[in-house]
Amino acid sequence: MDIPPLAGKIAALSLSALPVSYALNHVSALSHPLWVALMSALILGLLFVAVYSLSHGEISYDPLYAVFAVFAFTSVVDLIIALQEDGYVVGFMDFYTKEGEPYLRTAHGVFICYWDGTVHYLLYLAMAGAICRRKRYRNFGLYWLGSFAMSILVFLTGNILGKYSSEIRPAFFLTIPYLLVPCWAGVRVFSQPRAPTCCTANTVQEEQRKGLLQRPADLALVTYLILAGFFTLFRGLVVLDCPTDSCFVYIYQYEPYLRDPVAYPKVQMLMYMFYVLPFCGLAAYALTFPGCSWLPDWALVFAGAIGQAQFSHMGASMHLRTPFTYRVPEDTWGCFFVCNLLYALGPHLLAYRCLQWPAFFHQPPPSSPIALHKKQH
């Protein structure tokens, strides 16, 4: 997979978030939630106009360029928020975390800001750079789509259901485009042609003749998917208050963060159970039987989703913003870290396997009339 060059123009524009946020933090009128929402909407609108004026050719080629440019700006803002909440910088986004979205001050909010300000930011620059040079970025887009969708779905649902539901301010409604844009972007990314592969018909036939036992890497991945599926189901039952002793021991001794009233961990585990669990079963099937051409794309989507989710979940489970009684106990920290790290690593290994050796997932080539004639005689 080729890594496209980063978009320097977008990077320079996104860094304007630093002086803008610092200046707005010192405007006394922004102490009211409504003014915070209106000013935020105005800045995003002006940013879109600036991007459209500076990069009309790129937007005409691919409208997602404007989306990546605006989201790169918000990624820098999110990174500033995370650094400020952890005490690394001061005087930038206090007005927004107090009067705009106070739930960003939670441990979960801090870590989704870190992820958005680093991983998403680099993806935006890479995809915008690919558009500038008319190169492919489909794989990056699929990974971003899964990551972004998981982040926003868990965060918005947790805001509505958790203890911060009474703290929803007008700025909350600015997240509506964050729900609509990924749907449109996802359709455009999936509609892009796949990168050509060098797999010949003979290579595809030879690879698809092998059984699962002849492919040890795939056998290991299937084993992982089965174990991950059981782990997913177990944690889903835990947050649903399953009365068994094993669930009681786990939630109090291994992951007490699942009891946190902010609701983000509960929503996260339910997202896993309803979406990741079926994917584990389907992916195990696709690794066993050849010709499942959908797996490489969806493996990337779920790798992004689980990577973002596990980063936020693991970080929030140990962050100082999480009350002490809900943090991971010191004596079980090693078990918690290893299990959750493997849970995050497995989908990335699956996506890597699908991208590097895709022959097993190609549709079997149709038999030629000559081959059929020889087979009949």
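## Salt bridges

In this predicted model, Arg235 and Glu255 form a salt bridge, with their closest N and O atoms 2.9 Å apart. A salt bridge here is a side-chain nitrogen of Lys or Arg within 4 Å of a carboxyl oxygen of Asp or Glu. The pair links distant parts of the chain, 20 residues apart: Arg235 is in helix H11, and Glu255 is in the loop between helix H12 (245–253) and H13. Helices are DSSP runs (H or I, at least four residues) numbered from the N terminus. Arg235 counts as buried because its relative accessibility is 1%; buried means under 20% relative accessible area, exposed over 50%, and partly exposed in between (1.4 Å probe, protein chains only). Glu255 is also buried, with a relative accessible area of 1%.

By this rule the count is nine salt bridges. One of them joins Arg194 and Asp297 (2.9 Å, N to O). These two lie 103 residues apart, Arg194 in the loop between H9 and helix H10 (201–209) and Asp297 in helix H14. Arg194 is partly exposed at 43%, whereas Asp297 is buried at 8%.

## Helix H11

Helix H11 (residues 216–239) has 24 residues and spans 35 Å from first C-alpha to last, close to the expected 34 Å. The expected span is 1.5 Å times one less than the number of residues. After H11 comes Asp241, with a positive phi near 65°.

## Basis of the values

Residues are numbered from 1 along each chain as its sequence is written, and side-chain values use heavy atoms, without hydrogens or water. Local features need pLDDT of at least 70 and side-chain atom pairs count only at pLDDT 80 or more, while totals for chains, interfaces and linings use all residues.
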